[in-house]
Structure formats: structure tokens, C-alpha cells
Amino acid sequence: MSEPSIFTRILNGEIPSEIIAQTDTVFAIRDIAPKAPVHLLVIPKTARYRDVTELAAGDPELLSEMVAVAKDLAAEYSNGDFRLIFNAGPDAGQTVFHVHAHVLAGGLSESSMGA
Ligand code: 5GP
């Protein structure tokens with residue numbers, strides 16, 4: 001077994017971070033290094049999928065749940081518009097290999113994360 005991911009450790013309360021939303025299968029936190037006025041992370045509770053390609057192949061319903069939670073959070077924390085980013089692989093900037101979606105919102109500019 002590999003070490004628990006940082007997100008699993010947050011979910012288990014071993015690393016402090018406020019869980020701002022959760023369902024049976026997904027939870028959300030604020031990114032510790034925000035790249036936009038609103039920068040949240042939506043994360044499956046299971047750590048079995050390393051990136052979005054594995055998740056889409058293995059559990060598309062869980063991916064849909066992540067998108068639904070992202071939508072709700074964008075409405076709660078901003079005006080409902082949002083950018084959803086999945087980094088897949090180190091060369092794309094992925095640093096935590098427990099799949100997660102970045103939800104960016106609130107006055108996005110060309111310079112914030114992504115295109
Ligand atoms: P990635 O680079 O893998 O796409 O995204 C990982 C994200 O997790 C980064 O944006 C990083 O700022 C965030 N992050 C890393 N460690 C922590 C932490 O301990 N707490 C929180 N809230 N976010 C973290």
C-alpha cells in the first residue's frame with residue numbers, strides 16, 4: 001500500500017483544512033495556494049483513481065457527481081460561472097495523484113490557471 005494522499009489525510013482530519021461541502025462520495029476544500037478569487041478543489045473520497053482519465057473509465061457516475069458539486073459550489077461562492085480543470089500527469093502540473101477538480105471562479109482573467 002502506498003502512503004495516503006494529502007487529500008485522504010485532510011478527509012481523515014490528519015491535516016487541517018475546512019471541508020466546505022461533501023456528499024456520500026465527494027468532498028470539497030479551498031485550495032491552499034489559490035490561483036483565482038475562488039479556487040476550490042472537488043475530490044472523490046476514494047483515492048483509487050489517480051487522474052481524470054482513470055476516473056472516467058472506472059466510475060463515470062463519480063465524475064458526474066464531481067461536476068454537479070462543482071456547479072453548486074460555483075453558485076454558492078461566486079455567480080455560478082466557473083472553470084473546471086483537471087491536471088493529468090506531472091507535465092500538465094499534476095502534483096497530487098488522487099484525482100481532483102480545480103473549480104476556479106470570480107473575476108477570472110487570462111492569466112489565471114489554464115487557458
Ligand atoms: P494539482 O497540482 O495536483 O493539479 O493540484 C493540487 C492542488 O492541491 C494544488 O493546487 C495545491 O495548491 C493544493 N494543495 C496541496 N496541498 C494542499 C493542502 O495541504 N491543503 C489544501 N487546501 N490544498 C493543497
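A polar contact here is a pair of N or O atoms within 3.5 Å. Keep that cut-off in hand for the views below, which come from a predicted model.

**View 1**
In the side chain of His100, an N or O atom lies 2.9 Å from an oxygen atom of the ligand. The side chain of Asn87 also has an N or O atom 2.8 Å from a ligand oxygen. With Arg30, look to the backbone instead: one of its N or O atoms is 2.7 Å from a nitrogen atom of the ligand. On its own the ligand has 520 Å² of accessible area, and the protein covers 86% of that.

**View 2. The shell around the ligand contains 17 residues.**
The closest are Arg30, Asp31, Asn87, Thr95 and His102. Sorted by class, the shell has 8 nonpolar, 7 polar and 2 charged residues. Helix H1 (6–11) gives the most, with 3 residues.

**View 3. The ligand takes up the space of the largest pocket.**
By class, the lining has 11 nonpolar, 8 polar and 3 charged residues.

**View 4. The second largest pocket has a volume of about 220 Å³.**
It is lined by 11 residues, and Ser2, Glu3, Pro4, Ser5 and Ala47 are the closest to its centre. This lining has 5 nonpolar, 5 polar and 1 charged residues.

Methods:
Residues numbered from 1 in each chain as written. Predicted model: local features only at pLDDT ≥ 70, side-chain atom pairs only at ≥ 80, totals over all residues. Heavy atoms only, no water. Near = heavy atom within 4 Å. Polar contact = N/O pair within 3.5 Å; in protein donor to acceptor, adjacent residues only side chain to side chain. Areas by Shrake-Rupley, 256 points an atom, 1.4 Å probe, with all protein chains shown as cover. 1 Å grid on protein atoms, 1.4 Å probe; cavity = no way out; pocket = protein on both sides within 12 Å on 5 of 7 lines; lining within 4 Å. Sits in = over half its atoms within 2 Å of the grid points. Helix = DSSP H or I, 4+ residues; strand = E, 2+ residues; numbered from the N terminus. Nonpolar A, V, L, I, M, F, W, Y, C, P; charged D, E, K, R; others polar. Points joined across faces, edges and corners; volume = space filled by probe spheres on them.
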